[in-house]
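Dear colleague,

I am handing over the structure that we spoke about, and my notes on it follow directly below. Please read them with the coordinates open.

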Amino acid sequence: SLKQTDFEWCSWSKSDCISFTLDLQKDENIHTFTLGSITVYGMAVHKPESISVALSSDNVNFTEVGEKHFTPEEIFREGNFIENLSLKLGGTQARYVRVTAKGPGVCPASHVRSGQASRIFFDEVMLE
């Protein structure tokens, strides 16, 4: 849905840096990681400044296998839309997938909500 308020989206009260770990219950080959993100410009909801993925087989020792950064122009684009943020991971085996997202920070001076802290909203995590 294109509404961040419809309970289909996960958000955090502070979006400066969030992290969560998925347990796949057994080692799996992971080629691609994709995270659904929504932008609702008028409500200061934007994609993160960066996302990173780290993998582990024991939930103790993690190895970062992918990271993606976005420019302020990419983050603070006007509109209301959903994007799938994807990282190629190359077929690495792991049971645990740790996702870390750095929030986009405050809205720039040119934004309709200039100086307001922006927030990130995610829906689906897809592993292939």
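The 12 positive and 17 negative charges of the protein have mean positions that lie 4 Å apart, where Lys and Arg count as positive and Asp and Glu as negative, with His and the chain ends not counted, and where a charge is placed at NZ of Lys, CZ of Arg, CG of Asp or CD of Glu.

Please bear in mind that this is a predicted model, in which local features need pLDDT of at least 70 and side-chain atom pairs count only at pLDDT 80 or more, while totals for chains, interfaces and linings use all residues. Residues are numbered from 1 along each chain as its sequence is written, and side-chain values use heavy atoms, with hydrogens and water left out.

Along the sequence the pattern is β-β-β-β-α-β-β, with helices (H or I, at least four residues) and strands (E, at least two) taken as DSSP runs and numbered from the N terminus. The six strands form an open sheet in the order β1-β6-β2-β5-β3-β4 with antiparallel pairing, two strands being paired if DSSP finds at least two bridges between them. Because β1 (10-11) and β4 (63-69) are at the edges with a single partner strand each, one side of each has no neighbour in the sheet.

Strand β1 is joined to β6 (residues 121-127) by two bridges, and Cys10 has Phe122 as its bridge partner there. Between β2 (residues 17-40) and β6 there are four bridges, with Phe33 partnered by Leu127. Seven antiparallel bridges link β3 (residues 50-56) to β5 (residues 80-102), where Val53 stands opposite Val99.

Best regards
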